[in-house]
Amino acid sequence: MRYQRSSILFKEAQKIIPGGVNSPVRAFKSVGGTPIFIEKAKGARLYDEDGNTYLDYISSWGPMILGHAYPPVIKAVNERAEKGTSFGMPTALETEIASLALKMIPNMDKIRFVNSGTEACMSAVRLARGATKREKIIKFKGCYHGHSDAFLIQAGSGAMTFGSPSSPGVTQGTAKDTLVASYNNLEDIEILFKEYPEEIAAVIIEPVAGNMGCIPPKEGFLESLRFLCDLNGSLLIFDEVMTGFRLAKGGAQELLGIKADIATYGKVLGGGLPVGAFAAKDEIMKHLAPEGPIYQAGTLSGNPLAMAAGLATLMALHNDLEIYSRLAKKTQRLETGIKDVLKNKKIPYQINRMGSMISLHFTDEAVVDFETAARGNIKRFNKYFHGMLNQGICLPPSSFESYFLNDALTNQDIDETINSLAKIILSLR
Ligand code: KE4
């Protein structure tokens, strides 16, 4: 692979864009090296500025579940653009996609569109706090809900102490209202509910974690969380920005059979354009402006172009009865192939998978939370990432990310991916 043009573009970008990127993970900081600049994408493939082609396992961090430049989405966006891109007034299109989304998502009455997953999660927390008149929230270490201050909090010294800011610019005043527990650890939650009775507005969780690599919930964990929230009068927020419309039509709520009080969405819902959303039963949503007093707003929320891309994506997912089993089968094929290549190679590894989310961790212990994910062999992961990239396989540039398979990947592509791993395996020793 040649990366000259990407290197030149990266140097130019760094002069006028912080770190040369508009989102930090794209800078390849954790894997090292120079990020590739993408010229275009189609189906399962990315084409970079140096003319290299890659099979894509990032799928834009989730949105491109149907594959890149999916014709019905492109057609919908082009046709819609002809009519103008944003009016600042309501359109029938917003009601149309809201209605289809609520048909696919179980258990929710209303949905509000915003422009990102961050906005969706930030708004969901404000709604929960306003509706319960409580101030504290619980989040889980390693779960990412976007870059709103309330979420950039790391665990305090002990499970029962307040969180502390995980980024400069986040105040201690904010941090004191975010409590941090370990994923898959029920004891932490029980302690926090005991320590802060009637103070916890909500627990926010990725029902299948995708920001520590892929980490499924342990058997019974979410059910117990649901019970503890009900027992303590707190709301359960499922952050389905990654899992929504990806794991099933109805996301993790459907796949895992657990009801959240508020669920947030993004990524797939926008089909590659900027869309986020949050949904809840009417008795919660009635508190939201302009119906109720809890304020939330956005100039481009529900804008026609993003709604058109999202609606075309949801329609394709809703009308294809096989897509989720197809995606799960392809992901299983990838898992099986990786295991075959790694068998007897004396390279400790774990594979976590749920639906079309999967991640490979170079460690011999089960990866069930942030700590176990962080103990993976980063050096080996970085060799693996660059080795695969040089073979034309584009994986997420961090061991703390999940892969997202798209429906344009064929079995042949999966087999090509597995063969690429076989070619580099000796370099991973
Ligand atoms: P956005 O604001 O990036 O649209 O969504 C934030 C968000 C919320 N909740 C979950 C579960 C998420 O995974 C995300 C964003 N995911 C990252 C990937 N780990 C986006 C990639 C990036 O930050 O560039």
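Two or more of its lining residues come from each of helix H11 (323-342), H13 and helix H14 (411-424), where helices (H or I, at least four residues) and strands (E, at least two) are DSSP runs numbered from the N terminus. Among the contributors H14 gives the most, with three residues. By class, the lining holds eight nonpolar residues, one polar and no charged; here Ala, Val, Leu, Ile, Met, Phe, Trp, Tyr, Cys and Pro count as nonpolar, Asp, Glu, Lys and Arg as charged, and the others, Gly among them, as polar.

The model is predicted, and local features need pLDDT of at least 70, side-chain atom pairs count only at pLDDT 80 or more, while totals for chains, interfaces and linings use all residues. Residues are numbered from 1 along each chain as its sequence is written, and side-chain values use heavy atoms, with hydrogens and water left out.

Rolling a probe the size of a water molecule over the atoms shows where empty space is left. On a 1 Å grid over the protein atoms alone, a cavity is a set of points where a 1.4 Å probe fits but cannot get out, a pocket is an open set with protein on both sides within 12 Å along at least five of seven lines, and lining residues have an atom within 4 Å of a point. By this rule there are two cavities of 30 Å³ or more. The one described above has a volume of about 50 Å³, and the largest cavity has about 60 Å³, a volume being the space filled by probe spheres set on the points, which are joined across faces, edges and corners.

Around the largest cavity stand Leu360, His361, Phe362, Ala373, Gly376, Asn377, Ile378, Phe381 and Ser399. Strand E14 (357-361) and helix H13 (378-390) each supply at least two residues of this lining, and H13 is also among the elements that line the second largest cavity. The lining of the largest cavity divides into five nonpolar and four polar residues, with no charged.

The ligand has its own shell of 16 residues, the closest being Ser23, Thr118, Asn211, Asp239 and Glu401, where a residue belongs if one of its heavy atoms lies within 4 Å. Domain 1 (4-69 + 322-428) and domain 2 (71-319) both contribute to this shell, so the ligand lies between them, the bounds coming from an automatic or database domain assignment. The shell contains five nonpolar, seven polar and four charged residues. A polar side-chain atom of Ser23 lies 2.6 Å from an oxygen atom of the ligand, and an N or O atom in the side chain of Asp239 is 2.7 Å from a ligand nitrogen atom.

Terms used. Polar contact = N/O pair within 3.5 Å; in protein donor to acceptor, adjacent residues only side chain to side chain.
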